[in-house]
Amino acid sequence: MQFLKDIKYTLHVAFHPFDGFWDLKYENKGKLRVALAILLGVTVMMILKRQYSGYVVNFNYPLDLNSINELKYIVFPFLLWCVANWSLTTLMDGEGKFKEIVIATGYAMLPLILLYLPNLLLSNVITLREASFYYLLESVAALWFVWLMFIGTMTVHQYTVMKTIVTMLLTIVVMGVIIFLGLLFFSLIQQIVGFVYTIYQELSLRA
Amino acid sequence: MIIKRSILILAAVMIVAFLSPKSAHASPYEGYVYSYWGDAVKSPIAYLPSRTITGQEMGIGPLTTPTDMFAAPDGNLYILDSGNGRIVVLNSEWKAIRQYQGFDNNGKQDTFNKPEGIFVTGAGHIYVADTENRRVVVLDGSGALIREIGAPKSEVLSDKFEYIPRKVIVDKAGRIYVVARGVFDGIIEFDSEGDFTGFIGTNPVQFDPVDLFWKTVSTKEQREKMIRFVPIEFNNVDVDADGFIFTTTADKQTSIPVKRLNPSGIDVLRMNGDWGPIGDLTRNPSAFIDIDVSGNGVYRTLDSTRGRIFTYNEDGNLLYVVGQVGNQRGTFKNPIAIESFGNRIFALDRDLGMITEFTATKFGSLVNEANGLYSIGKHDDAAKIWEQVLRLDANYEMAYVGIGKSMLRKGEYKQAMTYLKLGSDREYYSKALTKYRREYMRENFGTYMTILIAFIAVVVAMRRGLRSRRGGMKQNAVSQGH
């Protein structure tokens, strides 16, 4: 019964985002495990979509398909977004806690499952002429997702509309900065490891 | 003991079997085609080198920097031996039957000076682009001069115009088309009388955005020192049976190295997929220096980068690749011209002064035959041969498409879908799917409708049942309350 209730609430968030995200923050209705379950669901959905979309709209090179890649394209950006958003909003008077950001972002991804699943089935029976319906649904899913992200961020941090938009754009910039720092860090570590190894080699050969 | 000995013998036999050289027919190059995804997929060799001949072997002395070659409809091969200023004619047995060293020009003995292009009409008239003499010479079969066509005269040409004809072709109506060096306006067209009528098929100007940026920010003096953006010039031409002109452009920047010009100079070449006929899909692109049109809309281009001959069908699908730069028989040092006649391809090597003949293998002739039937619309006959092609090469996408289209016509939609998917033809797959969907719905409409109606009936019945029970309970409650 609890499971059904959770589903009912996630759907409520998707269709009544203002109300839903408010309850999520102030009534403690959002659950971390549901958010993570949605994340898992989206990942599985994307794997299925790449593999089983109808041939007419499926332009994936079969030899390039790799389910592990979905971690790179979905789970990693998800975590990066949450971290970047949290880092930014703590400096910009956001009221959201890290957990709330994760939950809100997770719940906002529900439309991707809701629309991609029927779209996946539809794609197997449509022809090239009707392919525009497929792409339409695809864009609707993306827009819905962005809309929910927007409402989610606004509600969780109690921002104004303009501030939300600016924060979201800045979050993307911060994501880039984090990636850059990460690469820098790893490259430095690599250099240090290489340096230490060379010294070790030198010493061991001389001894 | 006997067992031991037999094992030893067996081992010896196996070693000998494994060490023995491979079959003597091993080709000096590999066959491949590009898949839908742009991967080079190995395929059987379509053409194998069958014989080669040099000037010495013809018994006429070596060929010195030969520049062009023409396979006449009667099977004779005309070789333009540019360094020696002569034309050599070989018959189909490769015996030198004629030579044209020069010709009688109004009582004066005249010769060629580094000619680069030759064309022979059905009537046996020989057109030679006599490059360094800046003229086109027309000879009849006996070697007598018919006409001499000099530089075009017109007000549209600037005074500085230099006429250096390189290649010449003649269409069925007798119009003469000349490709000249340093001419960016297109192909020079003369009417059958040799009068200049205009340019056709100008290539668009291509430039590098980076260069354009520097050009916009630099001063006038700097700009004058820079290279100007000019259209790319054509480097070779051929004409097909319908009078359409095929051109090649060797500039490596260009994305459309091959064009098929209709009589008004508009490119009507068919392209299939993401890549047109551009040769190798590698970082270092192919540079086409000759093109040869054979029957059924098939054309072959010669790539000077790697010495390969790419054969395309009229839809722009790569059929097979032959040849390579190398030192073995069947490879080239500096290929300059290709021609084809029947199931044979001739390639002329400028540095070696040698002609190599390639003959179709079983795979090559099957592909040629199937493609021929396919292009004239006999899809069902073609499908039978495509099946044989598939037996030799299960990765040949065109064969799958060919069979798929034939099945689509026969009404085997589901099978057609499988084949068209294997051949990566989305458009026809979609067509097959439309038909299959309709057929499927027609056959199963009754079943699905029955299930749907039954389902609705059950739902309605359940709801009514629920409501009546709830209503009854309410009534009970009401009656109890009273």
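What pattern does chain A follow when it is read along the sequence? Read in that way, chain A gives α-α-α-α-α-α-α-α. Good morning, colleagues. Before I continue, please note that this is a predicted model.

I shall begin with chain A. Its secondary structure consists of 8 helices and 0 strands. The radius of gyration of chain A is 21 Å, well over the 17 Å that the globule rule gives for 207 residues, so chain A is more spread out than a compact globule. Taken along the principal axes, the C-alpha atoms of chain A fill a box of roughly 70 × 45 × 35 Å. Of the 207 residues in chain A, 26% are buried. As for its contacts between residues at least 6 apart in sequence, 77% join residues at least 24 apart.

Residues 34-51 of chain A are 100% helix and 0% strand, with their end C-alpha atoms 26 Å apart. Residues 168-200 of chain A are likewise 100% helix and 0% strand, and there the end C-alpha atoms stand 48 Å apart.

Let me turn to chain B. In this chain we find 9 helices and 27 strands. The radius of gyration of chain B is 32 Å, whereas a compact globule of 482 residues would have one near 23 Å. The box filled by the C-alpha atoms of chain B, again along the principal axes, is roughly 135 × 90 × 50 Å. Buried residues account for 37% of the 482 residues of chain B. Among contacts in chain B between residues at least 6 apart in sequence, 45% join residues at least 24 apart.

Chain B is divided into domain 1, residues 32-360, and domain 2, residues 388-428. The centres of these two domains, taken over C-alpha atoms, are separated by 35 Å. Contact between them involves 6 residues of domain 1 of chain B and 7 residues of domain 2 of chain B. On the domain 1 side, the touching residues comprise 3 nonpolar, 3 polar and no charged.

Next, a local detail in chain B. Why can strand S12, residues 135-139 of chain B, be described as largely enclosed by the rest of the structure? The reason is that 4 of its 5 residues are buried. S12(B) pairs with strand S11, residues 126-130 of chain B, in the antiparallel sense over 5 bridges. Within that pairing, B:Leu139 in S12(B) has B:Ile126 opposite. The hairpin of S11(B) and S12(B) has 4 residues between the strands, and in this hairpin B:Arg134 takes a positive phi near 55 degrees.

S12(B) is also joined to strand S13, residues 145-149 of chain B, by 4 bridges, and these two strands run antiparallel. Here B:Val137 has B:Glu148 in S13(B) as its bridge partner. Between S12(B) and S13(B) the hairpin has 5 residues, and B:Gly143 takes a positive phi near 95 degrees.

Finally, I come to the contact between the two chains. How many residues of each chain take part? There are 9 residues of chain B in contact with 6 residues of chain A. On the chain B side, helix H9, residues 426-481 of chain B, supplies the largest share, with 7 residues. That side of chain B divides into 3 nonpolar, 2 polar and 4 charged residues.

Definitions and conventions: Residues are numbered from 1 along each chain as its sequence is written. Chains are lettered from A and ligands numbered from 1 in the order in which they are written. This is a predicted model: local features need pLDDT of at least 70, side-chain atom pairs count only at pLDDT 80 or more; totals for chains, interfaces and linings use all residues. The radius of gyration is taken over C-alpha atoms; the globule rule is 2.2 Å times the number of residues to the power 0.38. A residue is buried if 20 or more other C-beta atoms lie within 10 Å of its own, exposed if 12 or fewer, and partly exposed in between; C-beta atoms are placed from the backbone. Ala, Val, Leu, Ile, Met, Phe, Trp, Tyr, Cys and Pro count as nonpolar, Asp, Glu, Lys and Arg as charged, and the others, Gly among them, as polar. Domain bounds come from an automatic or database domain assignment. Two strands pair if DSSP finds at least two bridges between them.
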